[in-house]
Every structure is written in C-alpha cells, then in structure tokens.
Amino acid sequence: MCPQRILCSKCGELLYTGLELETPGEIIQRNGGYCPKCGKKLGFDTENLKIIPETPVPGP
Ligand SMILES: [Zn+2]
C-alpha cells in the first residue's frame, strides 16, 4: 500500500500522511474541523481536501 497524503486545498498544509488509509472525516475531526494553518473550515466531502497518493521514487 502506498502512503497517502492529505493536504488542505487552500494553503496546502499537510493534514495527514501515513500508510493507513483514513477517511477525510477522521482527519477533519482530528484537526477540530479546521485547517490548523489557514483556518479554512474543512468539509466532509473530499473537494475540500487533496488526497494524494505518494508515488514511489523511481530507482536509478
Ligand atoms: Zn489550510
């Protein structure tokens, strides 16, 4: 499983990174419903978050 990253769609703050697949709802709850950096209210739909699968770095 690839690590995933979830970023604030407004400021790009990294809200979650890790191997475990978490729902946006869990991540939003952990941050109290707001982006800790820019204060954007995080919605429970993914349009407010960017979920980016971390692509493995190709070897030499
Ligand atoms: Zn933000």
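**Notebook: a β-β-α-β protein**

Read along the sequence, I get the pattern β-β-α-β for this protein. That comes to 1 helix and 3 strands, with helices (H or I, at least four residues) and strands (E, at least two) taken as DSSP runs and numbered from the N terminus.

Ground rules next. I am working from a predicted model, where local features need pLDDT of at least 70, side-chain atom pairs count only at pLDDT 80 or more, and totals for chains, interfaces and linings use all residues. Residue numbers start from 1 along each chain as its sequence is written.

**Confidence**

I looked up pLDDT (the predictor's confidence in each residue, from 0 to 100). The mean for the protein is 79, and 78% of its residues reach 70 or more. Confidence is highest in β2, at 86, and lowest in strand β3 (residues 49-53), at a mean of 67. Where pLDDT is low, the predicted coordinates should not be read in detail.

**Overall numbers**

I checked burial: 12% of the 60 residues are buried. The cut-offs count other C-beta atoms within 10 Å of a residue's own, placed from the backbone: 20 or more is buried, 12 or fewer is exposed, and in between is partly exposed. For contacts, I used C-beta atoms, placed from the backbone, within 7 Å. Among contacts between residues at least 6 apart in sequence, 46% join residues at least 24 apart.

**The hairpin**

How do β1 and β2 run? They are antiparallel, joined by 4 bridges; strands pair if DSSP finds at least two bridges between them. The two form a hairpin with 5 residues between them, and G12 in the turn has a positive phi of about 85°.

I then went to Q4, which is found in strand β1. The bridge partner of Q4 in β2 is G18, while R5 stands opposite T17 in β2. Q4 and T17 are 13 residues apart along the chain, and I read 5.7 Å between their C-alpha atoms. Q4 counts as partly exposed because it has 16 C-beta neighbours inside 10 Å.

**E13**

Where does E13 lie? I find E13 in the loop between β1 (4-8) and β2 (14-18). E13 has 15 other C-beta atoms within 10 Å, so I log E13 as partly exposed. Leaving aside neighbours within four places in sequence, I list L7, C8, C35, P36, K37 and C38 as its contacts. E13 and P36 are 23 residues apart in sequence and 8.1 Å apart in space, C-alpha to C-alpha.

Note on methods. Contact = placed C-beta atoms within 7 Å.
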